Amino acid sequence: MRIAMFEPEIAGNVGAVLRLGACMGAAVDLIEPLGFVWDDRRVRRAAMDYIDHVAVTRHAGFAVFRASLGDSRLVLFTTKTTHSAYDFAFRADDVLLFGKESAGVPDTVVEASHAQVRLPMRPAVRSLNVATSAAIALAEAQRQTGTLPG
């Protein structure tokens, strides 16, 4: 299973997702452009010493990333659907995609995804932090597919 971040803007969020990937055994794909310099100390601070335990691939745009999918499904997490992630049947080779913090993803990315799901939350709030969303989503996908570590 892989976590993909579409044009992430906040170094600390990327660092947190890298740490998540290291702990849970999920590779992380970063789709450029990034909203920060890659060697930003905030990435390393958030990822801590876990950064050496995660496979990270940077892609020079969505088309390059999409070409790397092979037979894997692209599952987009978005607030713009009613399909709950808890009612979705994940597969072990799914790629879980999260949009940029300020704007999500463009329609072309939505159209390229195989499925769109949301994490249910109270209607009075807009959205979860992207790293928090990735953690909840990955844990549910791994639980369903029997791939939780340890």
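## Close-up views of a predicted model

**View 1. Gln-144 on helix α5.** Gln-144 is found in helix α5. Helices (H or I, at least four residues) and strands (E, at least two) are DSSP runs, numbered from the N terminus. The model is predicted: local features need pLDDT of at least 70, side-chain atom pairs count only at pLDDT 80 or more, and totals for chains, interfaces and linings use all residues. Residues are numbered from 1 along each chain as its sequence is written, and side-chain values use heavy atoms, with hydrogens and water left out. Gln-144 counts as partly exposed because its relative accessibility is 28%. Buried means under 20% relative accessible area, exposed over 50%, and partly exposed in between (1.4 Å probe, protein chains only). Leaving out residues up to four places away in sequence, Gln-144 touches Ala-85, Tyr-86, Phe-88, Ala-89 and Phe-90. Contact here means heavy atoms within 4.5 Å. Leu-74 is 70 residues from Gln-144 along the chain, and their C-alpha atoms are separated by 17 Å.

View 2. Strand β4 covers residues 74-77. Leu-74 and Leu-76 point one way from β4, while Val-75 and Phe-77 point the other way. All four of these side chains belong to buried residues. β4 pairs with β5 in the parallel sense, over four bridges. Two strands pair if DSSP finds at least two bridges between them. Opposite Val-75 stands Leu-96 in β5. β4 also pairs with β6, again in the parallel sense, over three bridges. There, Phe-77 has Val-117 of β6 as its bridge partner.

**View 3. Strand β5 and its link to β1.** From β5, Val-95 and Leu-97 point one way. Leu-96 and Phe-98 point the other way, and all are buried. Strand β1 (residues 2-6) runs parallel to β5, joined by four bridges. Ala-4 has Leu-97 of β5 as its bridge partner.

**View 4. The annotated binding site.** An unreviewed UniProt entry carries the annotation "binding site" for Gly-99, Leu-119 and Ser-127. The residues are spread over 29 residues of sequence yet cluster in space, with a largest C-alpha distance of 13.7 Å. Gly-99, Leu-119 and Ser-127 are included in the lining of the largest pocket. UniProt positions are given in the numbering used here, feature names are shortened, and annotations may be inferred rather than shown by experiment. On a 1 Å grid over the protein atoms alone, a pocket is an open set of points where a 1.4 Å probe fits, with protein on both sides within 12 Å along at least five of seven lines; lining residues have an atom within 4 Å of a point.

View 5. Gly-99 lies in the loop between β5 (95-98) and α4 (107-112). The residue counts as buried because its relative accessibility is 17%. Setting aside neighbours within four places in sequence, Gly-99 is in contact with Phe-6, Gly-104, Val-105 and Val-130.

View 6. The loop between β6 (115-117) and α5 (130-145) holds Leu-119. Leu-119 has a relative accessible area of 8%, so the residue is buried. Its contacts, not counting residues up to four places away in sequence, are Phe-77, Ala-85, Tyr-86, Leu-128, Ser-133 and Ile-136.

**View 7. His-53 on a loop.** His-53 lies between α2 (41-47) and β3 (56-59). At a relative accessible area of 59%, His-53 is exposed. The C-alpha atoms of His-53 and Cys-23 are separated by 8.1 Å, although the two residues are 30 apart along the chain.

**View 8. The whole chain for context.** The protein chain has five helices and six strands. From the N terminus on, the elements run β-α-β-α-β-α-β-β-α-β-α. The C-alpha trace spans about 35 × 35 × 35 Å along its principal axes. Of the 150 residues, 45% count as buried. Among contacts between residues at least 6 apart in sequence, 75% join residues at least 24 apart. The chain exposes about 7,700 Å², with carbon and sulfur atoms supplying 51% of it. Accessible areas come from the Shrake-Rupley method with a 1.4 Å probe; for residues, only the protein chains shown count as cover.
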